[in-house]
Amino acid sequence: MIIDISDNTFKNIFDDEKLFLPLKWDGIDFLTTIEKLYKHYINKLEKLSDEHDYKYIRTNIFDIKSVCGLIRNSIEYYLDGFPSKAYYTFDEAMRILMDNQLKIYQKSTSKNIENINDALDLFRVACVLENIPYDRSRVFHTPYTLRSKVNTNRYSIAGYPSLYLATNIDLCCEEIHYNPHSSLAIAAKYKLERNEKYNNTHISVIELAVKPQDFFEERTTNDYRQRYFDQSLDTAQVKGAYLLWYPLIAACSYIRPNKSDPFAAEYIIPQLLMQWVRIEIAEPRNGFDQLIGIRYFSCASIKASEMGFNYVFPASGKQKSSKYPYCPVLMKAFKLTKPHYLSEYHDLWECEQGLRNDCDMNFIDS
């Protein structure tokens with residue numbers, strides 16, 4: 001059923017702390033936890049008031065209920081030991097979502113020019129054991145030859161590498177629990193190579209970094225998160241899509257109560273989403289390789305969720321060579337600086353500024 005809701009009604013739905021992200025839970029029964037969230041959300045949608053407002057948002061409650069049900073069923077299949085059924089059920093949800101996209105940022109351009117203006121700086125921090133010079137590959141994704149070192153992560157399964165980046169050094173360090181008193185770490189700045197004529201790769205990014213709070217909180221012009229939203233959130237199209245995408249974003253945004261447990265139910269849907277992305281990029285289209293990333297807010301803690309944005313790009317394809325056991329698509333999609341030691345700077349802010357001012361960027365095989 002297609003209905004029109006006003007901006008005021010949209011606010012009444014999402015200006016609700018029970019729906020704020022990221023979400024905390026008790027770690028006991030994830031399926032029941034997600035069921036309660038979706039029931040609360042759908043009840044609010046079904047009690048829509050008739051607002052008199054000239055701005056209206058079109059939404060399909062039937063599709064929202066379908067997405068909630070399919071995600072819920074995917075989790076149940078996975079917990080019952082049927083991962084293939086979980087994936088195919090999740091794929092049905094993605095078919096609905098992709099018919100009404102929230103924001104898919106096209107990061108590539110077909111313009112055949114060498115220098116493309118892209119203000120987006122991304123960063124990666126890696127802990128090391130020795131205080132020696134490292135080349136760019138040391139701060140790239142875990143090489144295929146070291147799959148056994150890859151732990152399970154929110155958007156990648158154990159043994160399969162992905163490239164995780166963030167919009168600032170503080171957030172990188174928060175994610176890896178960097179302790180300057182006991183750890184040695186290096187950092188690099190990344191830039192997307194956006195010219196698809198040069199790298200033969202079409203790059204896009206799925207938006208999962210929007211919280212309900214972002215629509216309503218008063219933010220200054222200097223607010224970090226607000227500066228990184230490429231488009232305004234205050235449009236009926238974005239709000240309508242968000243009503244549909246909220247169940248997926250929420251299912252990907254639960255904080256792990258116990259990070260030492262080997263299995264994380266909170267990772268079921270993010271990992272199914274990454275499988276979906278990998279299938280989407282498996283075959284070149286129109287002669288171009290495909291690279292799809294996901295932008296999301298950190299779920300390490302409430303504090304970390306406000307520090308900026310994370311990006312994840314899956315490895316795909318076979319390694320380029322025995323010398324470079326890395327994803328060939330990622331290798332040609334990113335330029336990066338040589339690693340800088342965090343300990344060589346007074347603080348993390350100074351390190352980040354040093355990286356932002358470093359113009360010596362190249363591919364890892366150059």
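Predicted model: local features only at pLDDT ≥ 70, side-chain atom pairs only at ≥ 80, totals over all residues.
Residues are numbered from 1 along each chain as its sequence is written, and side-chain values use heavy atoms, without hydrogens and water. Helices (H or I, at least four residues) and strands (E, at least two) are DSSP runs numbered from the N terminus.

Helix 4 itself comprises 16 residues, 83–98. Among its buried residues are Tyr87, Phe90, Asp91 and Met94.

Helix 5 (residues 169–176) is capped at its N-terminal end by asparagine 168, a side-chain oxygen of which lies 3.2 Å from the backbone nitrogen of aspartate 170. Just after helix 5, histidine 177 adopts a positive phi of about 55°. Ile169, Leu171, Cys172 and Cys173 are the buried residues of helix 5. They pack (contact meaning heavy atoms within 4.5 Å) against elements including strand 4 (122–128), strand 6 (184–192) and helix 12.

Two packed helices are described by the angle between their axes and the distance between the axes. The axes of helix 5 and helix 12 (residues 348–356) come within 9 Å and cross at roughly 120°. The contact involves Ile169, Asp170 and Cys173 of helix 5 together with Leu348, Glu352 and Leu355 of helix 12.

Note on methods
Axes fitted to C-alpha atoms, helices over the stretch in contact; angles between N-to-C directions. Buried < 20%, exposed > 50% of the residue type's maximum accessible area, 1.4 Å probe, protein only. Polar contact = N/O pair within 3.5 Å; in protein donor to acceptor, adjacent residues only side chain to side chain. Expected span 1.5 Å × (residues − 1).
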